[in-house]
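Have the viewer open as you read.

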Amino acid sequence: MKRDEMKKVMQDWRVIVMVVAIVLALASIYLIPPAFDKGVQGNIQLGLDLEGGSWIQLEYQAQLVTFETRENPETLVQGLTRELDAEVHLVEPDLVEIRKPFTREELEPVFASLGATITRYEVGVSEETADTVKRILEEKINRLGTRDAKVNTLTTFGGASRYIRVELAGVDMVTAQEIVGQQGRFDIRIQTVGDETEHVLYGDSITSVGLPTQQPPGSNQWGVSFTISPEGARAFRESAIRTGATDNPAAHEIMMLLDGEIVYSAPLSPDLAARLKVEEVRNLYASTGAGEFGQNRASVLEIHLRAGALPVDVQIAGSGSVSAALGEHFKMMSIIAGLVALLTVGLVVYYRYREPSIVIPMLAINTAEIIILLGIARYFTQLDLAAIAGLIAVLGTSIDQLVVITDEVLHEGKVPSPNVYLKRLSRALGIIIVAAITMIIAMLPLALMDLSSLRGFAIITILGVLIGVVITRPAYGKIIMAILSR
């Protein structure tokens, strides 16, 4: 291709859009934020398969029960709460969520005594509760700085969410269980006599939590501020007065427990004890100590205050891990598989056209498409084995569509006139767009559902198809026209 022709091609808006997309993708991978120290991977998040790590599957200790009754559903909920000594929430007029493990046989006589009949029983929680648990787990994981993590809700055919799966890349099983397995009820208690304590309030009474700060500002003393609800403030003041903590703070420590284990313990400050004698206090501050030790304790306490209380109990139903060595092996094999696929595609295209000036642009467009795809996908999904399968599928689909364009614009090995070329190119792009829409429709359910790694495969495939239709196919049409016109 002559220099003037190349300059003309590079000035075409389709080619400019593709070049800009490549530059932005490379910046996304290596510059936002700077990640040169991470090697070829850059900012791309690797999944459990490639980086090694652990996964834990949690089962909700709750049931969704559909019922029939002639009584007021609210009255039934109150009765169930009293008889079962459990949290019971009305999800729909004929559906309740019982947040405590019971069998259907155990529940049927209780419902019957309250004038109701069970019509359907399913272990799990409602979509709203599952979303809340997922948000809490994600918040805790993010606060701990575990970047390469996924939390997926697993929904049954009946619509209940029975399990939630957490994948933590680069984290060993012991640490994973510390991060996820200890999620449970956050309980604030007050010391009464000796080592005895009494319950004051649960984590759901905490309405907001501040960041770890130094009090007073500029000092070396760290702590976390938090706010409790009006009901919680009333219960806190009553307990402090009744136990004598307002008169003798040193003898009545305030304890915070997560699943029965103490995560914080300290006496009331004299100022707070004096205020509680005359008023309810909603804004509290937990001091954690001085220096780096105090700061670290404040960070951990903040996590517990923010995410310590799940709305429903869970237990570990399964777990597993991938060793770092095996993850490295999978990573290397994935790179080899990608290179072999690209080389094989190049040989097949060369065998068809016997013209390097056609094969090289095809492979260059293919490579550009993968770069753009990775630059965008890093914001949506991790790169695991399923996602790499999606990349290889995109690579094959891309070459197939480029062959369609090349064959469509050629006629008996000759380049048609510009007008005829544009008509044939438009027809080829029309075929590609229809195929792309079909592919997107097929992949959309997998992308929207929480099906673990299959979701990554679907997202990669959809993004690859969209990038091809919007960016790389139009650019290739302009480039191949200039090459064939020689």
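Tyrosine 379 sits in the loop between helix H12 (356-377) and helix H13 (385-409); helices (H or I, at least four residues) and strands (E, at least two) are DSSP runs, numbered from the N terminus. With 49% relative accessibility, tyrosine 379 counts as partly exposed. On that scale, buried is under 20% relative accessible area, exposed is over 50%, and partly exposed is in between (1.4 Å probe, protein chains only).

Tyr379 also belongs to a nonpolar surface patch of about 650 Å², along with Leu31, Ile32, Phe36, Ile376 and Phe380. Patch residues have over 30% relative accessible area and no salt bridge; nonpolar side chains (Val, Leu, Ile, Met, Phe, Trp, Tyr) are joined within 5 Å, like charges within 9 Å.

## Ground rules and overall numbers

This is a predicted model: local features need pLDDT of at least 70, side-chain atom pairs count only at pLDDT 80 or more, and totals for chains, interfaces and linings use all residues. Residues are numbered from 1 along each chain as its sequence is written, and side-chain values use heavy atoms, with hydrogens and water left out.

The chain has 15 helices and 16 strands, and 47% of its 486 residues count as buried. Its accessible surface comes to about 24500 Å², with 58% of that belonging to carbon and sulfur atoms; areas are from the Shrake-Rupley method with a 1.4 Å probe, and for residues only the protein chains shown count as cover. Take the contacts (heavy atoms within 4.5 Å) between residues at least 6 apart in sequence: 71% of them join residues at least 24 apart.

The largest nonpolar core has 57 residues, and Met362, Leu383 and Tyr476 have the most contacts inside it. A core here is a set of buried Ala, Val, Leu, Ile, Met, Phe, Trp, Tyr and Cys residues joined through side-chain atoms within 4.5 Å. At least two residues of this core come from each of helix H2 (13-30), helix H11 (324-353), H12, H13, helix H14 (418-448) and helix H15 (453-484). H15 gives the largest share, 16 residues.

What does methionine 362 touch, leaving aside its neighbours within four places in sequence? Its contacts are Val349, Tyr353, Ile399, Leu402, Val403, Thr406 and Tyr476. Apart from this core lies another, of 30 residues, including Trp222, Ala245, Met256 and Ala298.

## Salt bridges, buried and otherwise

The count comes to 11 salt bridges, each being a side-chain nitrogen of Lys or Arg within 4 Å of a carboxyl oxygen of Asp or Glu. One of them joins arginine 473 and glutamate 369, at 2.7 Å from N to O.

Arginine 234 bridges to glutamate 280, with the closest N and O atoms 3.6 Å apart. Here arginine 234 is in helix H8 (residues 230-243) and glutamate 280 is in the loop between helix H9 (270-276) and strand E15 (283-290), 46 residues apart. Both are partly exposed: arginine 234 has a relative accessible area of 37%, glutamate 280 comes in at 39%.

## Around glutamate 87

Glutamate 87 pairs with arginine 99, with the closest N and O atoms 3.5 Å apart. Glutamate 87 is in the loop between helix H4 (73-84) and strand E3 (88-92), and arginine 99 in the loop between strand E4 (95-98) and H5, so the bridge ties together parts 12 residues apart in sequence. Glutamate 87 is partly exposed at 30%, while arginine 99 is buried at 14%. Glu97 joins Glu87 and Arg99 in a network of salt bridges.

The H4-E3 loop also holds aspartate 85. Its phi is near 50°, a positive value in a residue other than glycine, and aspartate 85 counts as exposed at 61% relative accessibility.

## A single aromatic pair

A search of the whole structure finds 1 aromatic pair. Phenylalanine 67 and phenylalanine 111 form it, tilted, at 6.4 Å centre to centre and 45° between the planes. Rings of Phe, Tyr and Trp (its six-membered ring) pair if their centres lie within 6.5 Å; planes under 30 degrees apart are stacked, over 60 edge-to-face, and the rest tilted.

Phenylalanine 67 is in strand E2 (residues 63-69) and phenylalanine 111 in helix H5 (residues 104-113), 44 residues apart. Phenylalanine 67 is buried at 4% relative accessibility, and phenylalanine 111 is buried at 0%.
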